[in-house]
Amino acid sequence: CASTGLKRPIVSPEAQNTLNFLFNTLTVEFAFCAYGKENRKVVEIQRIALPEIMWATFGNVQFGPCKGRGFLGYGHSHLIPGGCALSGTDVVNFMNDDKKYAFLQCTGERFRLFPKSGMSLIEYSTPSPEPKVPPP
């Protein structure tokens, strides 16, 4: 069986707890910094931290850079059910940064990892939160 070269994401319980708390508490899109390590088969997200957030709405977030040892890539949330894909703006930003991975935290699918090589999709599923409803 030939290898696809795609790495399986593993999210530590601590990192998943942070993502679940943010997703279930905030009513606006949020950005996060994913830290961890990788090997030939696995991308292990060990820690989630928040970058400086300049502003956020239900569908957008503007944030500052992430720094530090073990930084794997940027992530953000998509609050609309069924919207767990990189937008055109997300793809442009991702292709212009120097990181190999982009991450999404979403309703339903919950967590997705996008490697830069070919924009192939890898999913990591966790229990689904209640869908967010845009503010009136």
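Two strands pair if DSSP finds at least two bridges between them. In this predicted model, strand β6 (residues 71-78) and strand β7 meet that condition, since they pair in the parallel sense over six bridges. One point of this pairing is Ser77, whose bridge partner in β7 is Gln105. Between the two strands the chain passes through helix α2 (residues 88-96), and this β-α-β crossover from β6 to β7 is right-handed.

**Strand β7**

Strand β7 also pairs with strand β8 (residues 111-115), here in the antiparallel sense and over five bridges. In that pairing, Ala102 stands opposite Phe114 of β8.

Strand β7 covers residues 101-106 and is mostly covered, with six of its six residues buried. In a regular strand the side chains alternate between the two faces of the sheet. For β7, one side holds Tyr101, Phe103 and Gln105, and the other holds Ala102, Leu104 and Cys106; the residues on both sides are all buried.

How many salt bridges does a search of the whole structure find? The search finds one. It joins the side chains of Lys100 and Glu38, with 3.0 Å from N to O. The pair links distant parts of the chain: Lys100 is in the loop between α2 and β7, Glu38 is in strand β2 (residues 31-38), and 62 residues separate them. Lys100 has a relative accessibility of 46% and therefore counts as partly exposed. Glu38 is partly exposed as well, at a relative accessible area of 30%.

Asn96 belongs to helix α2. The side chain of Asn96 reaches the backbone oxygen of Val92 at 3.0 Å. Is Asn96 buried or exposed? Its relative accessible area is 65%, so Asn96 is exposed.

Gly36 lies in strand β2. Because its relative accessibility is 16%, and buried means under 20%, Gly36 counts as buried. Leaving aside residues up to four places away in sequence, Gly36 touches Glu44, Gln46, Gly70 and Leu72. Gly36 and Arg69 are 33 residues apart in sequence, and their C-alpha atoms are 8.5 Å apart in space.

The table lists the accessibility of the residues discussed one by one.

| Residue | Relative accessible area | Class |
|---|---|---|
| Gly36 | 16% | buried |
| Glu38 | 30% | partly exposed |
| Asn96 | 65% | exposed |
| Lys100 | 46% | partly exposed |

Methods: Residues are numbered from 1 along each chain as its sequence is written. This is a predicted model: local features need pLDDT of at least 70, side-chain atom pairs count only at pLDDT 80 or more; totals for chains, interfaces and linings use all residues. Side-chain values use heavy atoms; hydrogens and water are left out. Buried means under 20% relative accessible area, exposed over 50%, partly exposed in between (1.4 Å probe, protein chains only). Helices (H or I, at least four residues) and strands (E, at least two) are DSSP runs, numbered from the N terminus. A crossover is right-handed if, with the strands pointing away from the viewer, the path from the first strand over the helix to the second runs clockwise. A salt bridge is a side-chain nitrogen of Lys or Arg within 4 Å of a carboxyl oxygen of Asp or Glu. A polar contact is a pair of N or O atoms within 3.5 Å; within protein, one must be able to donate a hydrogen and the other to accept it, and residues adjacent in sequence count only if both atoms are side-chain atoms. Contact means heavy atoms within 4.5 Å.
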